[in-house]
Amino acid sequence: MDEAGFRQMLLARGNAPTGVETRINYLKTIEKNLAGLGLPFTDLDAAFEADSLASIIEAMRGLISDHKAGGTAYLLLFPRSENPGNRLANLPTFLKHYRDFRSGSDMSSREGAGTGLGNEGAFLLFDAANIPFQPVRNFNRKTGVSAFRIKPKGAGNKAEEAIETTDIVEVARAMLIDGLPARIKAISGGDVNYLTYGGEKLVRYELAPGIAAALGLPPQGHTAGMKMTNAGGMAASATDERTSSMNLILYGPPGTGKTFATAGEAVKLCSPQVDPDDRPAVEAEYRRLVDARQVEFVTFHQSYSYEDFVEGLRPPFSSKDGDGDDEKSGFRLEVSPGVFHRIATRAAASKGSTGKAFDLTGRQVFKMSIGEAANPEDAYLFEESLENGYALLGFGQIDWRDDRFAKRDAMIEAWKEEEPDAEPPTPRSASVQCPDMFRNWIKPGDILIVSKGNGSFRAIGEVTGPYEYAPREDGGYFHRRAVSWLWSDRTGVPVEEIYAKRFSMRTLYMLTPSDLNMSALERYITSQEPGGPPEPFVLIIDEINRANISKVFGELITLLEPDKRITPEGGGLKVRLPYSKEAFGVPANLHVIGTMNTADRSIALLDTALRRRFEFRELMPNPDLPEMKAAGASCGVNLGKLLRTLNDRIEYLFDREHQIGHAYFIKCASRADLDAVMRHKVIPLLAEYFYEDWSKVALVLGDADTGKAGRFLERTELKPPAGSDFEGGETRWRWTVRSEFAPDAYADFQ
């Protein structure tokens with residue numbers, strides 16, 4: 001493959017560097033696997049000389065057809081991709097680009113061929129008012145080539161971050177299937193901008209027949225509730241996938257990567273811009289989502305209860321450092337929300353997010369009380385602050401604007417003059433500390449968190465102005481700072497969401513940075529931005545079948561159904577919880593993903609109500625994973641065949657639900673590692689499966705022939721006690737795991 005020449009040609013045609021590298025990498029992948037595809041060519045150039053790449057293009061179409069039919073032949077090219085439909089669909093086009101390059105054809109003169117590009121009806125999108133839009137070409141004055149511009153996930157609006165293409169079919173695929181923004185203009189004129197089909201603006205499309213056929217889409221479609229099939233044969237929603245609830249259970253034998261797969265599913269839902277094949281990126285993003293409390297993980301067990309999951313009564317928190325509630329005599333119980341209640345409340349409070357980050361670096365964070373939250377007479381103070389964009393502070397009527405009050409000592413003297421008969425204040429007096437912080441410590445850009453009692457917070461704002469003295473007609477609360485309120489929830493959210501301690505009774509103080517969950521605080525700040533859908537939240541329930549489902553979920557099992565979820569438009573069903581007596585519903589942006597080990601004997605107890613409300617996806621052992629091949633090369637053993645043979649024998653002797661997963665073997669880097677896995681994990685698991693019937697364990701391991709020495713197990717004949725009735729009876733054996741496996745232990749598995 002003439003990589004340098006092809007790159008030069010693509011760049012000369014105005015393609016963005018990222019798009020050029022994508023084409024080249026895909027073609028190199030094809031070239032590397034020509035033999036595996038059954039093609040007789042050594043490289044793409046030889047294939048061009050033979051038949052102008054016709055055989056390879058036909059082979060790519062065969063992979064596309066195989067994938068549509070549910071086949072996995074695509075794994076040869078994309079071994080780590082779960083949804084390769086869009087990638088496969090691009091391969092014939094990229095091969096044609098290379099064919100044009102080798103033949104010397106002018107690609108720019110062929111753009112839009114057969115697509116009706118000159119016709120305005122070739123690719124149209126319409127907004128809610130039925131006003132049509134269409135993709136707009138960007139003219140490159142240097143090269144004289146026109147191209148369409150597509151914005152990849154996570155890219156900004158800069159031209160150099162976009163992918164340019166001369167193929168209108170690629171633009172249609174990007175917008176209608178991949179959900180990527182593209183350069184769009186109104187047919188009647190107007191500014192050019194990036195718009196996304198499926199958002200608030202673009203709700204309907206019309207395609208020329210040639211484009212529709214190339215993408216496998218109907219010529220006309222709508223975003224609302226429409227499911228369409230992309231070129232890879234996979235169902236794709238024309239609306240934002242994050243707005244439809246998912247109830248999913250991943251099930252399979254142990255070691256098939258179910259728990260790791262839940263992390264991938266959570267990242268796919270919450271951060272679709274992350275490449276699912278980039279494992280380090282997925283793991284890093286998953287940790288960030290957990291820190292931000294956007295993803296919660298819980299493991300069910302036999303004693304897990306409704307009180308742990310939804311809500312229950314518990315003794316209140318009591319702080320030893322004076323930061324908790326005032327101590328009250330006697331024993332008492334308070335309603336405590338469980339993990340499901342907490343994440344559902346979190347999801348319900350998210351009104352919309354545009355995905356923009358909010359950097360807390362260098363900002364101070366303060367807790368502040370605005371009136372007494374428990375006093376209805378003070379409620380107007382909080383509402384007034386939210387409505388008018390400021391924070392109010394009490395503590396007298398002294399005007400602190402004079403420059404001398406930059407010093408705390410001057411404030412103390414002012415109080416002595418204001419109240420000569422009162423006990424003289426000290427630097428630690430609240431009447432001095434709070435005004436000093438409010439005037440001098442807090443800077444524009446700092447963050448205020450408004451408390452609701454000591455256990456909750458109800459607003460977050462960014463300070464935008466200096467101290468102001470503003471006397472009020474009703475008296476009190478003369479001091480204010482301009483604030484841009486970024487988030488609010490009048491019902492309040494537990495302080496544990498963002499801070500490691502409960503709030504103290506002090507009106508205003510700085511929160512300790514080491515106790516702040518910055519990731520969660522940033523997420524709250526950006527969760528009520530206009531113009532975006534509510535953020536997706538994910539609750540992962542590991543070993544979901546080990547608990548009593550009816551007992552744990554209670555009445556909420558009904559609320560999990562998608563049509564009963566609470567929506568931003570006010571739809572959905574709520575129930576009244578037994579302890580708090582509050583109305584509670586499950587928001588539509590909360591997804592529940594569970595795992596189930598089919599080898600666990602408790603699977604028979606799985607509640608039928610759960611079966612009806614969850615989608616089930618099976619994860620079985622995969623001997624053909626690239627990681628298995630790499631580990632096998634390091635160990636000198638064909639691990640794929642070893643795993644396949646072991647599982648064939650297990651299924652014959654027991655059932656398919658008790659197989660052994662690939663995760664046991666993929667991290668083996670040597671024969672010693674493999675022996676350790678077999679000795680400490682696989683063999684004990686087999687003994688558990690067969691209830692300590694070692695003769696069946698020996699059958700699985702290939703050591704059942706008592707006429708020769710075992711490779712994994714040692715057999716010692718047991719002699720019956722003298723004079724017993726067993727003398728002369730069936731021979732019995734003592735089975736033990738060898739201290740060292742035989743050198744040829746894996747010979748039967750190769």
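**View 1. Where helix α9 meets helix α10 in this predicted model.** On the α9 side, the residues in contact (heavy atoms within 4.5 Å) are F260, A263, G264, A266, V267 and C270. Facing them from α10 are R279, V282, E283, E285, Y286 and L289. Sorted by class, this contact has 8 nonpolar, 1 polar and 3 charged residues. For that count, Ala, Val, Leu, Ile, Met, Phe, Trp, Tyr, Cys and Pro are nonpolar, Asp, Glu, Lys and Arg are charged, and the others, Gly among them, are polar. The axes of α9 and α10 (residues 279-291) come within 9 Å and cross at roughly 75°, so the two helices are roughly perpendicular. Here an axis is a line fitted to C-alpha atoms, for helices over the stretch in contact, and angles run from 0 to 180 degrees between N-to-C directions. Angles under 35 degrees count as roughly parallel, over 145 as roughly antiparallel, 65 to 115 as roughly perpendicular and the rest as oblique.

A note on the numbers: residues count from 1 along each chain as its sequence is written, and side-chain values use heavy atoms, with hydrogens and water left out. As this is a predicted model, local features need pLDDT of at least 70 and side-chain atom pairs count only at pLDDT 80 or more, while totals for chains, interfaces and linings use all residues.

View 2. Helices (H or I, at least four residues) and strands (E, at least two) are DSSP runs, numbered from the N terminus.

**View 3. A cluster of aromatic rings.** Which residues do ring pairs link here? The cluster takes in F300, Y304, F309, F340, F553 and F584. Rings of Phe, Tyr and Trp (its six-membered ring) pair if their centres lie within 6.5 Å; planes under 30 degrees apart count as stacked, over 60 as edge-to-face and the rest as tilted. Across the structure there are 26 such aromatic pairs. F300 and F309 have ring centres 5.5 Å apart and planes at 85°, so this pair is edge-to-face. F300 has 1% relative accessibility, so it counts as buried, and F309, at 0%, counts as buried too. (Buried means under 20% relative accessible area, exposed over 50%, partly exposed in between, with a 1.4 Å probe and protein chains only.) Y304 also pairs edge-to-face with F309, at 6.4 Å centre to centre and 65° between the planes. Y304 is buried as well.

**View 4. L508 and its contacts.** L508 sits in strand β21 (residues 508-510) and counts as buried because its relative accessibility is 2%. Leaving aside neighbours within four places in sequence, L508 touches F366, K367, M368, C434, M437, F438 and I442. P435 is 73 residues away from L508 in sequence, with 8.8 Å between their C-alpha atoms.

**View 5. Helix α20 against helix α21.** Helix α20 (residues 626-635) packs on α21 (residues 639-653) at about 110°, with their axes 8 Å apart. That makes α20 roughly perpendicular to α21. M628, A631 and G632 in α20 meet L639, G640 and L643 in α21, giving a contact with 4 nonpolar, 2 polar and no charged residues.

**View 6. The buried residues of helix α14.** In α14 (residues 408-418), A410, M411, I412, A414 and W415 are buried. They pack against α15 (430-441).

**View 7. K719 in a loop.** Find K719 between β27 (713-718) and β28 (732-737). With 66% relative accessibility, K719 counts as exposed. T731 is 12 residues from K719 in sequence and 7.9 Å away in space, C-alpha to C-alpha.
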